[in-house]
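Good morning, colleagues. Please take a moment to look at the sequence and the structure on the screen before I go through two of its regions.

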Amino acid sequence: MKKLFGTDGVRGVANVYPMTCEIAMQIGRAAAYLFKNGHKRHRIVIGKDTRLSGYMIENALVEGICSMGVDVIQVGPLPTPGIAYITSSMRADAGVVISASHNPFQDNGIKFFFKDGFKLPDAMELEIEELIFSEKIDSLRPVATEVGKASRIDDAAGRYVVFLKSTFPKELDLVGMKIVLDCANGAAYKVAPAVLEELGAEVITIGVKPSGTNINAECGSLHPEVISEAVKTNKADLGIALDGDADRVIFVDEFGNLVDGDQIMAICATEMIKQNKLAKNSLVATVMSNMGLDIAMKKAGGTVVKTAVGDRYVVEEMIKGGYNLGGEQSGHMIFLDHNTTGDGMLSALQLLAIIRRKNQTLSELAKIMTPLPQVLMNVKVSEKKDVMEIPETAKVISSIEEKLGDKGRILIRYSGTEPLLRIMLEGEDKCQITAWAEEIAEAVKQSLGGE
């Protein structure tokens, strides 16, 4: 079992274990040791989002990495996928992102990319933890010229903007389109508007004034109602909302209706099938994806391959199976022909290219998939115990599963980053599945409820 790493790196309240400077420095030391290969001068890229605590954690990581004789390249605020791109394009030995993604500003996190731009497998994260807790490397102290140094590159954002634009068809532009863009006061506050404006769009921006404490605060992909209102008020063609580190994106159509990751994947996968560009005519999604996605893909002549929740597991399955498109309902989408990880702006550009080519509105394109009613509830828990081992809770769940039959499903899982149990139900009747979800939630609160 991991002690520090969750489903997406190390995450928690900044300055509280495990997100302390002391642990960050040890993580930096362990990672630097792990990524060293041979006698050359090694380099690790560090980027972050706009959280106040990013400065503190960045300095601790830099100290740890340099103390092991590895150089650091600091790029400042940049989307998570931008760090992946810069890491691989600069031939660095690894990349580090300091971000808690969609979490509130008081949280922060640390996640790694290998030199090829892909997230670390579980085995490497466990190896970093083993190096920390075994104290194996405590005595390793390079001196004199062997100590690492830190430097900054100022044009990382510009490089990433150029890369993003290169994924948009050269024969197309966005001239004449009015787009509402919400950057969540996060890492994409500069690059995302620049990309759309340079391609010719009229951009109405929200969440582009980070203060260090307002990331994800009533804005971004967790609050689509903000872009929904702005799209209707400004009579825009569509709205795009990113999260704090811009690795996920959700949309609203010209009427202000939400279009989530499942629907976008259905649109893109179907178009890729028509163009013979979808590897094995298969899309990789998680068990959280709506059953409507399976139906839409089957109708288009494709299939859906399912994985555990987490974009890292989607990517692992894509690499293992030779697939090139995958993602999550939450808006993490991986276009493996272009980048190695979820990329909100890259995903937006792929959708915009389809809109321009087909000359259709987003609401028209979204009709390709009809989502089944779905309810998601979070219950705070005091411990993460198998709910099916608790007789009272198991009885409630089994009873509801029997009532659903083959016309819906229940998915229950623990969050990998928070003390939460996530309860998801799908079925034909929204009111009924909501009542059943509440029944399960109440049973869980009685047995595992946290404060």
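I begin with Asp-93, which has a relative accessibility of 6% and therefore counts as buried, the cut-off being under 20%. Please bear in mind throughout that this is a predicted model.

Leaving aside residues up to four places away in sequence, Asp-93 is in contact with Phe-35, Lys-40, His-42, Arg-43, Phe-114 and Lys-115. With Arg-43 there is also a polar contact: a polar side-chain atom of Asp-93 lies 2.8 Å from the backbone nitrogen of Arg-43. Thr-393, by contrast, is 300 residues from Asp-93 along the chain, and the C-alpha atoms of the two are 47 Å apart.

I turn now to helix H11, residues 344-358. How far apart are the end C-alpha atoms of this helix? They are separated by 22 Å, which agrees with the 21 Å that 15 residues should span at 1.5 Å a residue.

The buried residues include Gly-344, Met-345, Ser-347, Gln-350 and Ile-355.

At the start of H11, the backbone nitrogen of Met-345 has a side-chain oxygen of Asp-343 within 3.3 Å. Just after H11 comes Asn-359, whose phi is positive, at about 55°.

Conventions. Residues numbered from 1 in each chain as written. Predicted model: local features only at pLDDT ≥ 70, side-chain atom pairs only at ≥ 80, totals over all residues. Heavy atoms only, no water. Helix = DSSP H or I, 4+ residues; strand = E, 2+ residues; numbered from the N terminus. Expected span 1.5 Å × (residues − 1). Buried < 20%, exposed > 50% of the residue type's maximum accessible area, 1.4 Å probe, protein only. Polar contact = N/O pair within 3.5 Å; in protein donor to acceptor, adjacent residues only side chain to side chain. Contact = heavy atoms within 4.5 Å.
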